[in-house]
Each structure stands twice: as C-alpha cells, then as structure tokens.
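Please read the following briefing alongside the sequence and the coordinates. It is arranged by topic, from overall confidence to individual residues.

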Amino acid sequence: MESRRHRFSKWRDRVIGGRRPPPGVDGGTVWIRSIGFGVARFVRTEAASSVLLIIAITAALIWSNLGGDSYQEFWNTRVSARLGPAEVSMTLTEFVSSGLMTFFFLVIGLEARRELDLGALRDHRRLLVPIAAGLAGMALPVLIFLSFNAGTANEHGWAVAMSTDTALALGLITFVGKALPAQIRAFILTVFIVDDLVALAVITFAYTGHVEIVPLMIAVFAFAVMLLSHRLARVSWLAVPAAIGAWIALFFSGVDPIVLGLIAGLTAPARVPTRRTLDDAAGSFRRFREQPTPQSARLATLGLKGALSVNERLQTAFLPWTSYVIVPLFALANAGISLEPSFLLGALMSPVALGVIVAYLVGKPVAVLGVPALISWLSRGKLRPPVGWVAVAGSGTIAGVGFTVAVLVAGIAFTGRALAEAKLGVLVAAIVATALTWAVFRLAALLGPDRRSRALLGDAPERPDLVVPVDPNRDHIRGNGNAAVTVVEYGDFQCPYCGRAEREVRQLLSDEDVRFVWRNLPIADVHPRAQAAAEAAEAAGSQGAFWAMHDLLLHNQNHLDDDDLLNYASILELDLDRFGKELAGRTFQNRVEEDLLGADLSGAAGTPTFFINGRRHYGAYDVESLRSAVMLARDASEAATRRATTTDTPR
C-alpha cells in the first residue's frame with residue numbers, strides 16, 4: 001500500500017505542478033510572511049507604548065525645567081554592586097542606558113532573527129530594496145551631519161544622526177496612518193531593523209575605547225554557556241546567571257554591554273510549531289492528566305515550552321517590559337533638556353542641532369525614497385519595493401523619528417551643551433517627521449480606491465502564503481464562484497473557535513464579491529471526533545450536501561458520535577446505506593489527509609486559519625477584522641485587474 005506521504009506527493013504534483021514545498025514540511029521552518037502574528041503583536045505593543053514614551057519625554061522636560069537641580073541630581077545618583085574585589089558602579093542614567101536597555105536591544109535582535117527565519121528577510125528576492133534603503137537612510141544623514149560639523153570637536157558624534165527609533169516610529173505611524181495595510185508596517189520594520197543592527201555595530205566598534213581581552217574572553221565563554229542552556233532543558237537554569245556574568249564581563253572589558261542583548265536576540269532561532277511538536281506537547285500533557293506526579297508535571301511543562309521557539313518565548317517575556325517600562329524610563333532619564341528661550345534660540349542654530357534636524361528631515365526621506373526609485377529604474381522595474389511609492393515616501397518621513405539609539409549615541413559622544421543640542425535636534429526632528437508622515441498618508445487617503453491601493457500597495461508580485469491554490473473541481477466553494485475575493489478556512493468541526501468563526505463568515509458572505517472555501521484540518525489529539533466529522537462532511541459532499549452537513553456539524557459540535565452523524569445524514573435525506581458504508585470504510589480518509597498536508601505546506605497548524613486571496617490573515621477573525629481584510633484584498637484585486645486590462649489593451 002502506498003504511504004500517506006507518497007500519495008500526497010503524487011497529488012501535489014497534479015495540483016501544484018510539483019512545486020517544491022517551502023522548508024519545514026519535514027521538520028524545518030515553515031514559510032511565514034513578515035506580516036505575521038509576531039509583527040502584528042510587535043506593532044500593536046509599540047503603538048500602545050508610544051503613548052507612554054511621549055508622556056515620559058514630556059515629564060522629563062517638565063521635571064528638568066521646573067524641578068530645579070533635582071532632575072540632574074537624581075539621575076546622577078550612583079549605584080554600585082560589589083562582589084569581592086570586583087565592583088560595578090554607575091549613575092542611574094548609565095544603569096538605564098547600558099543596563100536596562102540591554103533588554104530593549106534583545107527584543108530588537110529577536111525581531112530581526114524572526115524576520116530572518118520566518119519573515120520578509122527570508123525571501124532574498126525582496127531583501128535588496130529595503131536593505132539598500134535602510135543603509136542609504138543611514139549613510140546620507142551621516143554625511144549631512146558631517147557637512148555641518150566637519151573640522152569641529154563635535155564631528156565624532158556623527159552616529160547621532162544615523163538611527164531611526166524603531167519602537168517610536170512604528171507606534172507613531174499607527175496613529176498618524178490609521179487603517180494602513182499591514183505590509184506597509186512590515187516594509188518599515190524591515191528597513192528599520194537594518195538600521196538598528198548597523199547602529200549597534202557602530203556603538204560597539206566606533207565608540208568603544210580600550211578593550212580588556214581577559215574580561216572579553218570571559219564574556220564570550222559566559223555567552224556560550226547561555227546559548228547551551230537554551231538548547232538543553234536540563235541546564236536551562238544556567239541561562240540567567242550566565243547572562244548576568246556575560247554582561248558584567250563586557251562592562252569590565254570596555255565594550256558597551258548593551259551589545260549583549262542584540263547578539264543574544266540574533267542567536268535565538270524562530271520557528272512555528274509543527275503539528276508533530278504540538279502532538280508531542282499534547283501527549284506530555286495527557287500523560288500528566290493520567291498520572292499527575294511532579295515528574296510528569298515537569299515533563300508536561302517542558303513539552304509545552306518546547307513546542308514554542310526560544311525566540312517566541314523570549315519575545316513574549318520581554319516585549320511588554322521593554323515597551324511599557326524600560327524605554328519610557330530611558331526617555332525619562334535622558335530627555336530632560338533646558339527649554340529656556342535663551343538656550344533654545346542658540347541651540348537650534350548650532351551646527352550640532354541643525355546637523356541632526358536636516359539629517360533626519362531631509363537625509364532620511366531622500367535616501368529611503370530615492371534609493372528604491374534608483375534601483376527600480378536601473379533594473380527596469382524588476383526590483384521594486386514590496387509596497388507602493390506613497391508608502392515608501394511615508395516610510396522615509398517616519399524614518400526621521402530618532403530617539404532611543406540617537407540619544408544613546410549622543411550620551412556617549414557628547415557632554416555638556418553639545419549633548420543638550422543633540423537631544424534638542426532629535427526631539428524637533430521627531431515632531432516634524434511625524435507631522436510630515438501624517439500629511440503623506442492624509443493625501444493618500446484623498447485618492448480614489450484604485451489609485452490609493454496602488455499608491456500604498458504597489459504592483460510588485462508577491463509570493464502567496466496559500467501553497468495549494470483553490471481548485472473549483474476539488475474544493476468546496478460557497479458564494480459567488482467569480483468573486484474577486486476568496487476566503488479559505490482550514491477548520492476543525494469540533495473546534496469551538498471554528499464554530500464561533502462560522503457566524504462571522506456567514507455575515508461576510510452577504511457580500512456578493514466574496515467566495516468561501518472550507519478545507520479540513522482536524523486536530524485529532526485535541527478533538528477526537530474531528531476526523532470522523534470531516535470524513536462525514538466529505539461523504540455528504542459526494543451526494544451534493546457538503547455545506548448542509550458543514551452547517552449541522554458546526555452547530556452541533558458536542559454531538560459528533562457515529563449515531564449523530566448518521567442522524568444528520570437522515571435529516572438531510574441522504575442515501576443512508578451509501579453514507580454509512582463510506583463512513584465505515586473510511587472512503588474519504590485520503591481526501592481529508594490531502595487537506596491536512598496542504599495545511600502543513602501553508603504553515604497552518606491551528607484552527608481556524610484563514611487565507612484571503614492567498615495571503616494568510618493574522619489576528620482576530622471577528623467580522624469587522626475579516627471584512628477589513630476582504631476590502632483591502634478586493635481593492636488590490638480590482639487595481640490589478642485594471643492594470644492588466646490597461647496593459648493588454650492595444651494602443
């Protein structure tokens with residue numbers, strides 16, 4: 001008898017032309033686009049934390065101007081820790097900037113690694129444009145800053161005009177560009193990740209003085225122990241003391257210890273849980289349920305944690321802390337500058353402040369927009385941004401928001417008045433850049449639907465998430481067969497979330513321009529009757545009653561025994577003898593398994609999983625979220641159709 005995998009291989013060759021599945025079907029990484037749950041969570045968190053960051057900056061300005069000397073006295077308070085002859089001593093500002101901010105750069109490193117493993121950075125065909133934009137968006141501002149400060153004592157602070165604040169920029173664009181497509185934020189994140197990585201490298205190599213070799217070697221050893229502890233569950237307890245040891249050793253080596261966070265994040269691999277790992281995790285929990293002993297509880301805990309990647313676990317643990325506590329605290333400790341008119345008038349005209357302002361407000365937009373345009377022109381359109389040109393322009397203007405790394409570099413490179421001037425320049429640039437970005441996307445909103453879609457999304461071809469395309473001769477389709485938007489759901493008839501989603505989908509189908517496709521993804525270890533229900537639906541489908549059975553099964557999820565299935569067939573007036581034989585003989589087992597393996601190819605491990613016009617829908621599946629995604633897909637589809645018609649029309 002043919003194996004399940006061999007049968008599917010032949011089916012795949014027939015349906016998708018033998019196209020190789022993405023890595024991960026056999027245990028590797030499953031392809032997940034940048035516009036995934038991780039990015040959505042990252043953006044939502046940064047959007048919310050931007051409010052706290054703005055409050056912290058405002059509080060720092062008020063405190064430093066109305067609180068006399070208390071602001072400087074408080075943040076210059078020294079804190080120290082001693083262990084034998086070794087002592088770590090720093091001011092509160094240094095503790096926040098070089099200590100707590102290590103966790104911020106850990107999150108940046110984790111997000112960069114997630115993008116490399118699962119997101120847009122994994123598709124090398126789409127890397128050149130955003131990476132080139134990110135690098136140019138650093139080089140040109142540096143040249144502009146140096147043009148204002150060359151030959152002066154302040155020229156060594158060139159890196160202050162280099163880096164965009166990823167967290168603040170993403171948060172602000174969520175406010176000023178409401179309802180923007182998620183792929184725009186993904187493009188921005190890709191550009192800014194390059195920015196952050198290079199900026200940290202500059203801090204490490206350009207602003208590090210004498211390096212002590214012995215402490216550096218100790219830091220490397222402690223870091224290796226930390227990596228090993230993440231991969232071996234038995235010694236996972238070593239991770240925290242090893243990380244602390246690596247940080248202290250870097251502190252004594254002369255290398256800024258914040259680099260530890262970035263490197264740790266970049267070395268934490270990201271992956272999505274496969275059904276195999278989920279099955280193993282569920283099995284360990286069942287063993288605990290059968291024998292609730294401390295040992296089985298420990299194994300169950302390890303099994304559940306092991307189903308998630310180290311990257312996912314660390315992001316979940318540290319992203320809220322960095323966004324809601326550490327970065328606002330950093331702003332409170334560093335944003336305090338004088339707002340006295342006598343200082344402002346002179347500072348705004350100083351070479352340092354002017355260099356920073358012009359670098360961010362002119363250099364960033366020109367580079368981020370100009371370099372992709374140049375690449376597109378030189379390649380005759382073969383290499384284009386994955387978004388529209390208005391979106392690229394908005395990315396350039398919001399890139400003028402620099403705070404966290406800019407202020408960090410300013411604190412290393414400058415002192416006294418020059419430091420205050422640099423901070424002032426950063427704050428002014430951030431305010432103006434936000435206003436410019438609002439204006440860009442406000443103008444885009446005034447365009448007609450077709451032009452707005454093209455301006456925001458562009459027309460560069462995208463790789464679909466749904467690997468197995470919809471086949472009208474095979475798939476179950478509900479709604480207008482010629483609809484512009486196709487919603488595919490991988491579902492489980494015993495899954496309560498699928499039952500709730502069905503009500504939302506019904507409302508969605510009131511739109512005549514939407515068609516709906518159901519594919520089976522029974523999670524048998526959690527829902528023991530899901531497989532039988534899926535086969536019953538297929539058996540009903542062979543008699544032309546798939547959707548009637550589909551509705552009955554989802555409305556009666558607690559009653560899916562064999563007798564119940566036969567009763568539903570009787571209600572639908574099916575041929576009971578044929579239905580019973582097909583159910584007992586597992587006639588449609590292969591058909592359901594084809595859907596299962598198709599789900600594996602597309603990275604769908606849980607239910608419900610939706611794909612809208614071939615692109616995976618992440619986040620909520622309430623009717624408003626789905627309808628918003630459908631409207632966006634319809635606009636893009638109509639725009640593509642018009643462009644194709646215009647191109648094909650003879651002139």
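The points below cover the whole chain first, then a sheet, a helix and some single residues.

This is a predicted model, in which local features need pLDDT of at least 70 and side-chain atom pairs count only at pLDDT 80 or more, while totals for chains, interfaces and linings use all residues. Residues are numbered from 1 along each chain as its sequence is written, and side-chain values use heavy atoms, with hydrogens and water left out.

**Confidence and overall make-up**

- The chain averages a pLDDT of 79, and 79% of the residues score at least 70, where pLDDT is the predictor's confidence in each residue, from 0 to 100.
- Over residues 11-39 the pLDDT is below 50, and this stretch has 81 contacts in the model beyond near neighbours in sequence, a contact being heavy atoms within 4.5 Å.
- Residues 647-651 also stay under 50 in pLDDT, and for them the model has one contact beyond four places in sequence.
- The chain has 26 helices and seven strands, taken as DSSP runs (helices H or I, at least four residues; strands E, at least two) and numbered from the N terminus.
- Of the 651 residues in the chain, 52% are buried; buried means under 20% relative accessible area, exposed over 50% and partly exposed in between, with a 1.4 Å probe and protein chains only.
- Among the contacts in the chain with a separation of 6 or more, 80% come from residues 24 or more positions apart.

**The five-stranded sheet**

- An open sheet of five strands runs in the order β3-β5-β4-β6-β7 with mixed pairing, two strands being paired if DSSP finds at least two bridges between them.
- Its edge strands are β3 (476-479) and β7 (615-617), each of which pairs on one side only.
- Neighbouring strands of this sheet are turned by 30° against each other on average, direction ignored; the axes are lines fitted to C-alpha atoms, for helices over the stretch in contact, and angles run from 0 to 180 degrees between N-to-C directions.
- Helix α22 packs on the sheet, where it touches β3 and β5, and its direction makes about 85° with that of β3.
- Strand β5 (residues 514-520) pairs with β3 in the antiparallel sense over four bridges, and with β4 (residues 485-491) in the parallel sense over seven bridges.
- Within β5, Trp518 stands opposite His476, while Arg515 stands opposite Gly479 and also opposite Thr486.
- Seven of the seven residues of β5 are buried, so the strand is largely enclosed by the rest of the structure.
- Both faces of β5 are covered, with Val514, Phe516, Trp518 and Asn520 buried on one side and Arg515, Val517 and Arg519 buried on the other.

**Helix α24 and its surroundings**

- In helix α24 (residues 576-584), Phe579, Glu582 and Leu583 are buried.
- Seen down the axis of α24, these buried residues fall within an arc of 100°, so they line one face of the helix; the arc is that of the directions from the helix axis to the C-beta atoms.
- The face turned away from the buried side of α24 carries the exposed residues Asp577, Lys581 and Ala584.
- The packing partners of the buried residues of α24 are α21 (530-541), α22 (546-555) and α23 (562-571).
- Asp575 caps the N-terminal end of α24, with a side-chain oxygen 3.2 Å from the backbone nitrogen of Asp577.

- Val592 belongs to helix α25 (residues 589-601) and counts as buried because its relative accessibility is 0%.
- Although Val592 and Ala532 are 60 residues apart in sequence, they are 9.8 Å apart in space, C-alpha to C-alpha.
- Beyond its neighbours within four places in sequence, Val592 is in contact with residues including Asn520, Pro522 and Glu538.
- Glu538 lies in helix α21 and, at 4% relative accessibility, counts as buried.
- Among the contacts of Glu538, leaving aside neighbours within four places in sequence, are His476, Asn520, Phe546 and Val592.

**Positive phi angles**

- Most residues other than glycine have a negative phi.
- Glu573, which is not a glycine, has a positive phi of about 60°; Glu573 is placed in the loop between α23 and α24 and is exposed, with a relative accessible area of 72%.

Methods: Polar contact = N/O pair within 3.5 Å; in protein donor to acceptor, adjacent residues only side chain to side chain.
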